[in-house]
Amino acid sequence: MEVNGEIACTDCSRRFPLAGGTPRLLPDQLREGRAGGVDAVVKRRTADSFAYEWKRFGVMAPEWERNFADYLRPHDLGWLRGKAVLDVGTGSGRHSLQAARAGASVVAVDIGESIDVARANLPPEVLTVQADAESLPFEPGSFDLVMSIGVLHHLPDPERALREVARFARPGGHVHVYLYWQPERRSHQVVLRGVSAIRRLTTRLPHRLLHALCYPLSAVLLVTLVFPYRLLRKHAATRRLADVLPLKTYADYPFRVLVNDQFDRFSAPLERRYTRNEVAEMMRHAGLGEVTVVPNAGWVADGVAPG
């Protein structure tokens with residue numbers, strides 16, 4: 001049953017809507033129709049892009065358990081049992097769902113209408129909140145794990161956002177993020193420059209048109225890169241050649257995931273990419289210790305909040 005109404009802030013005397021079972025705690029400049037600076041405009045455009053994406057690609061699927069386990073490294077799913085987890089930028093809620101199934105108490109946050117997709121996908125015990133990653137309505141130091149997977153690199157100032165979300169990990173708690181990587185192979189760098197040039201157009205296209213274009217694009221990528229990788233990796237003599245190919249990740253996922261990620265790649269207004277050292281420095285500048293950074297078609301970084 002959906003719950004609707006209002007939430008009153010006892011400290012500031014303000015009232016916020018509760019719609020569809022989700023508290024709507026956005027700052028004034030991010031509410032629909034409100035003015036705002038450049039950052040607010042970019043955040044609204046980003047929220048709209050991901051809302052469109054997850055309304056169409058937000059179905060829960062069996063492969064998301066393995067996907068989340070990969071993103072959670074160096075931890076395993078059993079490590080989550082009994083922990084309080086904050087998922088910043090939950091999107092469809094797929095990572096929150098896996099964390100809840102692993103025994104965590106989860107709060108899932110998103111800035112846009114994606115939160116309604118997450119609410120529909122998540123069990124009642126997971127709290128969903130519509131809020132900005134840089135204006136979270138929680139007590140600092142409240143969570144054992146703060147995770148933000150595939151989100152920060154789309155924000156106007158990822159380093160600033162990381163410092164903000166890190167405040168909500170308790171002393172000794174973990175902050176866990178995934179960020180796009182800057183490819184090291186020259187051939188991949190050339191491809192990325194081409195993608196970046198195309199993004200100047202695609203980020204301005206209507207979402208419906210871009211969505212349609214992603215199907216033939218993904219079909220071409222499947223035939224020219226993913227299928228060859230599947231074949232080449234089977235044989236010891238050709239595995240080194242297979243390793244050179246981009247988009248290897250999609251060899252073990254359904255076609256719809258490839259389409260989903262092409263839309264993601266070409267629709268988000270901003271994206272930034274980092275080297276391993278840059279990610280480690282970002283984590284340390286956020287005040288985190290015991291930093292680890294491991295590859296997973298990008299960088300998965302984990303750090304511990306100071307005690």
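**Salt bridges and a buried strand**

In this predicted model, arginine 170 is partly exposed, with 32% of relative accessible area. Its side chain meets that of aspartate 144 in a salt bridge, with 2.4 Å from N to O. Arginine 170 belongs to strand β8 (residues 169-179) and aspartate 144 to strand β7 (residues 143-149), so the contact ties together parts that lie 26 residues apart in sequence. Aspartate 144 has a relative accessibility of 17% and therefore counts as buried, the cut-off being under 20%.

Glutamate 63 is buried, at 12% relative accessible area, whereas arginine 256 is partly exposed, at 39%.

A further salt bridge brings together the side chains of arginine 273 and glutamate 271, at 3.3 Å from N to O. Glutamate 271 is buried, with a relative accessibility of 16%. Salt bridges also link five residues into a network, made up of Asp39, Lys43, Asp132, Glu134 and Arg160.

Within β10, valine 304 has histidine 174 standing opposite. Strand β9 (residues 289-295) also runs antiparallel to β10, and 5 bridges join the two. Valine 294 stands opposite valine 300 of β10. Together, β9 and β10 form a hairpin with 3 residues between the strands, and alanine 297 in the turn has a positive phi of about 50 degrees.

How is β10 itself placed in the structure? Strand β10 (residues 299-304) has 6 of its 6 residues buried, so the rest of the structure largely encloses it. In a regular strand, side chains alternate between the two faces of the sheet. In β10, Trp299, Ala301 and Gly303 point one way, while Val300, Asp302 and Val304 point the other way, and all are buried.

Definitions and conventions:
Residues numbered from 1 in each chain as written. Predicted model: local features only at pLDDT ≥ 70, side-chain atom pairs only at ≥ 80, totals over all residues. Heavy atoms only, no water. Buried < 20%, exposed > 50% of the residue type's maximum accessible area, 1.4 Å probe, protein only. Salt bridge = Lys/Arg side-chain N within 4 Å of Asp/Glu carboxyl O. Helix = DSSP H or I, 4+ residues; strand = E, 2+ residues; numbered from the N terminus. Pairing = 2+ DSSP bridges.
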